[in-house]
Amino acid sequence: MEGKQETKKGLLGKLKDVAEDKEHQIEVLGTFVRLGVVVWSGFIITMNYVELPMIKKAGNSDITFVASVFTGALATFGLTTGNKNGNGNKPVDCPMAKKKEE
């Protein structure tokens, strides 16, 4: 009886089986890296606003850079933040938008 030798494959081994050509492998890896950047920057932004009982805050911290990285990484997935509604021409009806117009 010929026995099949099954080896345990890790995540990278399974990805190589699914994506045979190098171009597709690089595309999948790039997607995971971008997703990692979104998760990391979202975590940093969230931790700036959440108070944990065992962790002391160092004071006010500037998260402008992390917020720009977060916005840029979201934009690579086609997600954008803005103050326009579905048609793209008319601004959203909110008090802050009205103050800027005046």
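Trainee: What pattern does the protein follow, read along the sequence?
Mentor: The pattern is α-α-α-α. Keep in mind that this is a predicted model.

Trainee: And how many helices and strands is that?
Mentor: The secondary structure comes to four helices and zero strands.

Trainee: How much of the protein is buried?
Mentor: Buried residues make up 11% of the 102 residues.

Trainee: What about the accessible surface?
Mentor: The protein has about 9,400 Å² of accessible surface. Carbon and sulfur atoms account for 61% of that area.

Trainee: Which residues form a nonpolar patch on the surface?
Mentor: Look for Phe 32, Leu 35, Val 39, Phe 77 and Leu 79. Together they have about 470 Å² of accessible area.

Trainee: Where does Phe 32 sit?
Mentor: Phe 32 belongs to helix H2, which covers residues 22-49.

Trainee: Is Phe 32 buried, exposed or partly exposed, and why?
Mentor: Phe 32 counts as partly exposed because its relative accessibility is 47%. Exposed would take over 50%.

Trainee: Back to Phe 77. What lies over its face?
Mentor: Arg 34 does, at 4.5 Å from the ring centre.

Trainee: New topic. Where is Asn 48?
Mentor: Asn 48 is in helix H2.

Trainee: Buried or exposed?
Mentor: Asn 48 has 19% relative accessibility, so the residue counts as buried. The cut-off for buried is under 20%.

Trainee: Which residues does Asn 48 touch?
Mentor: Leaving out residues up to four places away in sequence, Asn 48 touches Lys 57, Ser 61 and Ile 63.

Trainee: Now Phe 65. Which helix is that in?
Mentor: Phe 65 is in helix H3, residues 64-76.

Trainee: Is Phe 65 buried or exposed, and why?
Mentor: Phe 65 counts as exposed because its relative accessibility is 59%.

Trainee: How far is Phe 65 from Ser 41?
Mentor: Their C-alpha atoms are separated by 9.5 Å. Along the chain, Phe 65 and Ser 41 are 24 residues apart.

Trainee: One last thing, on contacts between residues at least 6 apart in sequence. What share joins residues at least 24 apart?
Mentor: For the protein, that share is 43%.

Note on methods:
Residues numbered from 1 in each chain as written. Predicted model: local features only at pLDDT ≥ 70, side-chain atom pairs only at ≥ 80, totals over all residues. Heavy atoms only, no water. Patch = residues over 30% accessible without salt bridge, like charges linked within 9 Å, V, L, I, M, F, W, Y side chains within 5 Å. Areas by Shrake-Rupley, 256 points an atom, 1.4 Å probe, with all protein chains shown as cover. Salt bridge = Lys/Arg side-chain N within 4 Å of Asp/Glu carboxyl O. Helix = DSSP H or I, 4+ residues; strand = E, 2+ residues; numbered from the N terminus. Buried < 20%, exposed > 50% of the residue type's maximum accessible area, 1.4 Å probe, protein only. Contact = heavy atoms within 4.5 Å. Lys NZ or Arg CZ within 6 Å of the ring centre and 35° of its normal.
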